[in-house]
Amino acid sequence: MPKVTYVENDGTEHIVTIPAGLSVMEGALNDGVLGIDADCGGACACATCHVKIAPDWRDRVGPAGPAETEMLEFAVDVTPESRLSCQITMSAELDGLVVHVPQSQR
Ligand code: FES
């Protein structure tokens, strides 16, 4: 099964195995990653699952869709690496993905 490394603000890493088909947000919640609250439960309606994709992974993860882009306008510290983790579905191609929790989220 694919794995994702989550890096919290203080550098703490969580390496989480996530079944294909679940979201990167669900993996964070399952492992108690600090700063990923996911208040809307994955409905692309809160932006509290904001993560920064590691540069090496940006092309493979791809860009945000239109609804996600609109919701990211409500997030703090948005950069080209920003994605909402509930909108990234795990697959074998994303095995080894690294995401960082933004400094604004604790
Ligand atoms: S969980 Fe609310 S936008 Fe991702």
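Predicted model: local features only at pLDDT ≥ 70, side-chain atom pairs only at ≥ 80, totals over all residues.
Colleague: What makes strands E1 and E5 a pair, and in which sense do they run?

Modeller: Strand E1 (residues 3-7) and strand E5 (residues 97-100) share four bridges, and the requirement is at least two, so they pair; the sense is parallel. Within this pairing, Val 4 has Leu 97 as its bridge partner, and Thr 5 stands opposite Val 98.

Colleague: How do you know that E3 and E5 pair as well?

Modeller: E3 and E5 have two bridges, which meets the requirement of at least two. Their sense is antiparallel, and Lys 52 stands opposite His 100 of E5.

Colleague: What is the order of the strands in the open sheet, and why are E2 and E4 said to stand at the edges?

Modeller: The five strands follow the order E2-E1-E5-E3-E4, with mixed pairing. Strand E2 (13-17) and E4 each have a single partner strand, so one side of each is left without a neighbour in the sheet.

Colleague: Why is Leu 94 called buried?

Modeller: Buried means under 20% relative accessible area, exposed means over 50%, and partly exposed lies in between (1.4 Å probe, protein chains only). Leu 94 has a value of 6%, and is therefore buried. This residue is in the loop between E4 and E5. Leaving aside neighbours within four places in sequence, Leu 94 is in contact (heavy atoms within 4.5 Å) with residues including Trp 57, Val 61 and Ile 88.

Colleague: What makes a set of residues a nonpolar core, and which members touch the most others in the largest one here?

Modeller: A nonpolar core is a set of buried Ala, Val, Leu, Ile, Met, Phe, Trp, Tyr and Cys residues joined through side-chain atoms within 4.5 Å. The largest one holds 29 residues, and Tyr 6, Ile 36, Ile 53, Leu 84 and Leu 97 touch the most other members. E1, H1, E3, H3 and E5 each supply at least two residues of this core, and the largest share, three residues, comes from H1. Ile 53, leaving aside neighbours within four places in sequence, is in contact with residues including Val 61, Ile 88 and Leu 97.

Colleague: Why is the pair of Asp 77 and Lys 52 called a salt bridge?

Modeller: A salt bridge needs a side-chain nitrogen of Lys or Arg within 4 Å of a carboxyl oxygen of Asp or Glu. The closest N and O atoms of Asp 77 and Lys 52 are 3.4 Å apart, so the pair qualifies. Asp 77 lies in the loop between H3 and E4 and Lys 52 in strand E3, so parts 25 residues apart in sequence are tied together. Asp 77 is partly exposed at 40%, whereas Lys 52 is buried at 13%. Asp 77 also has a positive phi near 60°, although this residue is not a glycine.

Colleague: How many salt bridges does the structure hold, and how do you know that Glu 68 and Arg 83 form one?

Modeller: The structure holds three. The side chains of Glu 68 and Arg 83 meet at 2.6 Å, N to O, which is within the 4 Å limit. Glu 68 is in helix H3 and Arg 83 in strand E4, 15 residues apart. Glu 68 is buried at 4%, and Arg 83 is buried at 6%. Another salt bridge joins Glu 81 and Arg 58 at 3.4 Å.

Note on methods: Residues numbered from 1 in each chain as written. Heavy atoms only, no water.
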